[in-house]
Amino acid sequence: MPTGSHLRRIMTGESVMGQHAPNAHFGLGGATKVDAIEVRWINGTTWILDAPATGRYHRARPPVDRPR
């Protein structure tokens, strides 16, 4: 089974007239499963989804800073 990792950087809010879609799509090739999805947010926090289902979208939302 193939192994490895894939990286995509997401940038939103590009300009007044348009912006990039906030989606990342990863092809699996011949693989039938994914061990984990890891999202690293710009504020340093990490979101991990273990053994995600294939063939569907998974939503990762940035953490919300809570007032102290």
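Tutor: Strands (E, at least two residues) and helices (H or I, at least four) are DSSP runs, numbered from the N terminus. The model is predicted: local features need pLDDT of at least 70 and side-chain atom pairs count only at pLDDT 80 or more, while totals for chains, interfaces and linings use all residues. Residues are numbered from 1 along each chain as its sequence is written, and side-chain values use heavy atoms, with hydrogens and water left out.

Student: How much space lies in the largest pocket?

Tutor: The largest pocket holds about 2000 Å³. A pocket is an open set of points on a 1 Å grid where a 1.4 Å probe fits, with protein on both sides within 12 Å along at least five of seven lines; lining residues have an atom within 4 Å of a point. The lining comprises 43 residues, and those closest to the centre are Ala-24, Phe-26, Ile-37, Glu-38 and Val-39. Two or more lining residues come from each of strand E1 (36-40) and strand E2 (46-50), and E1 gives the most, with five.

Student: What makes E1 and E2 a pair?

Tutor: Two strands pair if DSSP finds at least two bridges between them. E1 and E2 are joined by five bridges, and therefore they meet that definition; they run antiparallel. Glu-38 stands opposite Ile-48 in E2. Five residues separate the two strands of this hairpin, and Gly-44 in the turn has a positive phi of about 95°.

Student: Why is Ala-51 called exposed?

Tutor: Exposed means over 50% relative accessible area, buried under 20% and partly exposed in between (1.4 Å probe, protein chains only). Ala-51 has a relative accessible area of 58%, and is therefore exposed. Ala-51 lies in the segment after E2 and has a positive phi of about 45° although it is not a glycine. Most residues other than glycine have a negative phi.

Student: How do you know that Arg-40 forms a salt bridge with Glu-38?

Tutor: A salt bridge needs a side-chain nitrogen of Lys or Arg within 4 Å of a carboxyl oxygen of Asp or Glu. The closest N and O atoms of Arg-40 and Glu-38 are 2.6 Å apart, so the pair qualifies. Arg-40 counts as exposed because its relative accessibility is 67%, whereas Glu-38, at 43%, is partly exposed.

Student: How many salt bridges does a search of the whole structure find?

Tutor: The search finds two.

Definitions and conventions. Points joined across faces, edges and corners; volume = space filled by probe spheres on them.
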